[in-house]
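Please examine the structure shown below, beginning with the whole chain and then turning to individual residues.

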Amino acid sequence: MTTAHVTCPLCEATCGLEVTLDANQQVTRVQGDDKDVFSRGYICPKGASLGALHHDPDRLTAPLLKRDGEFVEVSWQEAYDEIARRLPPILEEHGRDAVAVYAGNPGVHNIALTLYGRVLYKALGTKNFYSATSVDQLPKHYSAGTMFGDPLAIPVPDLDRTRHLLILGANPLVSNGSLMTAPDIRGRLRAIRERGGKIVVVDPRRTRTAQFADEHHAIRPGTDALLLFALVNVLFAENLVAPGRLEEHLDGLEDVRELAQPFTPEAVAPRTGIDADAIRRMARELTSDNAVVYGRIGTTTQAFGTVASWLVDVLNVLTGHLDAPGGAMFPLAACQPTGNRRPFAVGRWRSRVRGYPEVVGELPVATLADEIETPGEGQVRALITVSGNPCLSTPNAGRLAAALDSLDFMISVDVYLNETSRHADVILPGPSPLERPHFDLAFYQLSIRNVANWTPATLPSALPQEWETMLRLTGIVAGQGPEADVAALDDFVAGETARRNGLAVAVAGERTGPARLVDLLLRAGPYNVTLADLEAAPHGMDFGPLKPRIPEVLCTASGRIELAPEPVVADVPRLREELAKNAEADGLVLIGRRHLSSNNSWMHNLEPLVRGGNRCTVQVHPADATRLGLTDGGLASVTSRAGKLQVPVEVTDEVRPGVVSIPHGWGHDVDGSRTRVARANPGVNSNLVADETLLDVPSGTSVLNGIPVEVAPV
């Protein structure tokens, strides 16, 4: 028996795991690492399934090439020869924008794809870059960019010192935290209560987090921005605004006061479904010590996602809880992102068909089908997907799936033949999480405590590492052909990383690949550590609690917090129009939900995570069920402008009247995939009824919460 200590790469919590292997290198046990400096032994069902993922017989172990409509295993050289034969001619004849990229969520949990994916994308030079970011979180990057100058400067709740936590549209007891890296959320929320604090949840569903909380407000989906503006209104009206030391770093305070005037508690109460007196009390409670507002996917995947994301941080500023212990603070990761400190800018280009603006280098995935289907100069003719499953995870997924069949060429970098990669011409697999090194570059930027941990590969891999795959593809799109010198390309990447950080590449010694890049980034970071230091600390290194970082974190043109950034403020008139709408005229609206054992669409082929009953139901309030003639356990049709699906009914008062809820990420009942467990537990694809024409205007993020639907018994 041997034991390895690894950081779980399956969600944002970055928990430390202890993995036991037998003499045949079979995983026999996965448990929490009691000595991990951050998670201290906590483990969730996803982490416990790491062995099942490693041993999954459906994981691809060789490249697949589609011949006469059927996939066959081929050598790596054959796969690269096919790519070199078919991809460069498309680039040469139709231009760089004729090739699109979709980068999925799992890639952010993979250090090779995080660091070397960007090398491929830059070499490709396309403006048609899409990712899961525009499905669920782009509004937060947009608001952070316009307020603080950096789209990655996202303040997170300082949970370990918080005494009053207001949560909107988040269910961290199930998600394990989102845009908030925090293992053992339950323990941390329990500690708030033990400190004499309070937890308030605003959500259309009585989620697991809402049940745990001291107070729950069942808001009408899509109206969070109205509620948040009403809280701002109360703070100004009752002279409760007290930004404290932040005031000397603020621009736009009076602009926010004026913008908030129409959004009185009485004005927003009919639309939100929350009583005006309750709104006033919520606002007053935010002025207590160590209070913080936290909003997540329910606030970002709605028609006013950017405005809502902005107002979350506005409230933390107005109460003096931004950049303060117990409030919302900016992590200082051991590896800070490389790049310049130019102020944030959006709309550097626009999508060809619908004219949506670029945000943080990408276009809204809701318009990818348009770009494939619409003829003309710049039409997307080829697609590269990197650990993504957009045929399940994007709005009007059925339309996108059909569009993929019209492509001239498609490559998928993926470990599964799934609902998306089945459309590809070439599939390039990668090693399992236990066969590659790991470092959470992205999520340490969002951590509620400054920590770092390096996980070396536990087991050898028969497959190339994904950083090598990315560089082989880079060589092909850069004109070097399928025989590109991967070592030379890696040296070039390392040299550029060193140069940007003011280092000599030689300081990293004989390291290659992600290990060399992480070592360079650590050396350039704020803690005077190296990768060797992390290698000597298998349970991680703790750099302490979050500390105030304003003004150093700011990189706006003014060098100040832009409390009323013009690109966001421009969308407020659209929000004001909501005040005049009649809430009683609203029909049913659809929202999503998730389960602790699920992470979007990519962990449904693991037997330990799909045990139990059918969780893919449409939850309906008893009053709505009676009115519509729906019965618990019966079938219902759910119809929107985009499509229609059938799903079992679950009658429950967990959802508020007027709201129905279906989990996202399912729908594994399609021909051509090779995921036996998922196909045996298919669920339904809620994104078949998600409307790709409904977007948050500033960011282009899809509306996945608050979709108008009709529901009827089948």
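A residue is called buried if its relative accessible area is under 20%, exposed if this is over 50%, and partly exposed in between, using a 1.4 Å probe and the protein chains only. The model is predicted, so local features require a pLDDT of at least 70 and side-chain atom pairs count only at pLDDT 80 or more, whereas totals for chains, interfaces and linings use all residues. Residues are numbered from 1 along each chain as its sequence is written, and side-chain values use heavy atoms, with hydrogens and water left out.

Consider first the chain as a whole. The protein chain contains 26 helices and 27 strands; these are DSSP runs numbered from the N terminus, a helix being H or I over at least four residues and a strand being E over at least two. Its radius of gyration is 25 Å, close to the 27 Å that the globule rule gives for 714 residues, so the chain is as compact as a globular protein of that length. This radius is taken over C-alpha atoms, and the globule rule is 2.2 Å times the number of residues to the power 0.38. Along the principal axes, the C-alpha atoms fill a box of roughly 70 × 60 × 55 Å. Of the 714 residues, 62% count as buried. A contact means heavy atoms within 4.5 Å; among contacts between residues at least 6 apart in sequence, 74% join residues at least 24 apart.

A pair of aromatic rings is described by the distance of the centres and the angle of the planes. Rings of Phe, Tyr and Trp (its six-membered ring) pair if their centres lie within 6.5 Å; planes under 30 degrees apart count as stacked, over 60 as edge-to-face and the rest as tilted. The structure holds nine aromatic pairs. In one of them, the ring centres of Y116 and W467 are 5.6 Å apart and the planes stand at 40°, so this pair is tilted. Y116 belongs to helix α4 (residues 111-124) and W467 to helix α19 (residues 466-477), so the pair ties together parts that are 351 residues apart in sequence. Both Y116 and W467 are buried.

Y142 and F344 form an edge-to-face pair, with 6.0 Å from centre to centre and 75° between the planes. Y142 lies in helix α6 (residues 138-148), while F344 lies in the loop between β14 (328-329) and α16 (368-373), so parts 202 residues apart in sequence are tied together. Y142 counts as buried because its relative accessibility is 4%; F344 is also buried, with a relative accessible area of 18%. Elsewhere, ring pairs link F229, F263 and W310 into a cluster.

Which elements cover the buried residues of α21? They include α4, α19, α20 (486-500) and α22 (531-535). Ten of the eleven residues of helix α21 (residues 513-523) are buried, so this helix is largely enclosed by the rest of the structure. Among these buried residues are R516 and D519.

Finally, consider K46, in helix α1 (residues 45-48). K46 counts as buried because its relative accessibility is 1%. Leaving aside residues up to four places away in sequence, its contacts include L10, M603 and L609. S49 lies in the loop between α1 and α2 (50-54) and is likewise buried, at 1% relative accessibility.
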